[in-house]
Amino acid sequence: MKQIQDFFALVHQSDVITYLFGITAGILTLIGFATIFVSINSQHKAEKARETYWELASLPYQFTNYKDENIGKQIFQ
């Protein structure tokens with residue numbers, strides 16, 4: 001019966017290369033997933049900021065304030 005030490009014994013150099021390749025691929029995959037998650041998160045925030053900016057930019061055209069004609073300039077400031 002084989003022991004657990006025999007299972008993890010590295011007999012050939014190709015075994016070491018295979019394990020290193022597997023570990024490297026796993027780490028790169030995790031980094032890729034984290035990058036995609038951050039990208040999706042920041043894209044959502046950018047879209048929300050863009051929509052808020054468009055709403056603020058359209059305010060002077062939606063509401064007419066005859067007392068203060070410079071409301072558009074105040075909003076952009």
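The legends below describe views of a predicted model of one protein chain.

**View 1. Overall fold of the protein chain.** The predicted chain contains three helices and zero strands. Read along the sequence, these elements give the pattern α-α-α. Helix α2 covers residues 13–62, and helix α3 covers residues 71–76.

**View 2. Surface and burial of the protein chain.** Of the 77 residues in the chain, 4% count as buried. The accessible surface is about 7600 Å². Carbon and sulfur atoms account for 64% of that surface.

**View 3. Nonpolar patch on the surface.** The patch is formed by Y19, I23, I27, L28 and I31. Together these residues have about 520 Å² of accessible area.

**View 4. Close-up of I23.** I23 lies in helix α2 and is one of the residues of the nonpolar patch. I23 counts as exposed because its relative accessibility is 53%, and the cut-off for exposed is over 50%.

**View 5. Confidence along the protein chain.** The mean pLDDT of the chain is 78, and 66% of its residues reach 70 or more. Among the elements, helix α2 has the highest mean pLDDT, 85. The lowest mean, 63, belongs to helix α3. Where pLDDT is low, the predicted coordinates should not be read in detail.

How values were computed:
Residues are numbered from 1 along each chain as its sequence is written. This is a predicted model: local features need pLDDT of at least 70, side-chain atom pairs count only at pLDDT 80 or more; totals for chains, interfaces and linings use all residues. Side-chain values use heavy atoms; hydrogens and water are left out. Helices (H or I, at least four residues) and strands (E, at least two) are DSSP runs, numbered from the N terminus. Buried means under 20% relative accessible area, exposed over 50%, partly exposed in between (1.4 Å probe, protein chains only). Accessible areas come from the Shrake-Rupley method with a 1.4 Å probe; for residues, only the protein chains shown count as cover. Patches are made of residues with over 30% relative accessible area and no salt bridge: like charges are joined within 9 Å, nonpolar side chains (Val, Leu, Ile, Met, Phe, Trp, Tyr) within 5 Å. A salt bridge is a side-chain nitrogen of Lys or Arg within 4 Å of a carboxyl oxygen of Asp or Glu. pLDDT is the predictor's confidence in each residue, from 0 to 100.
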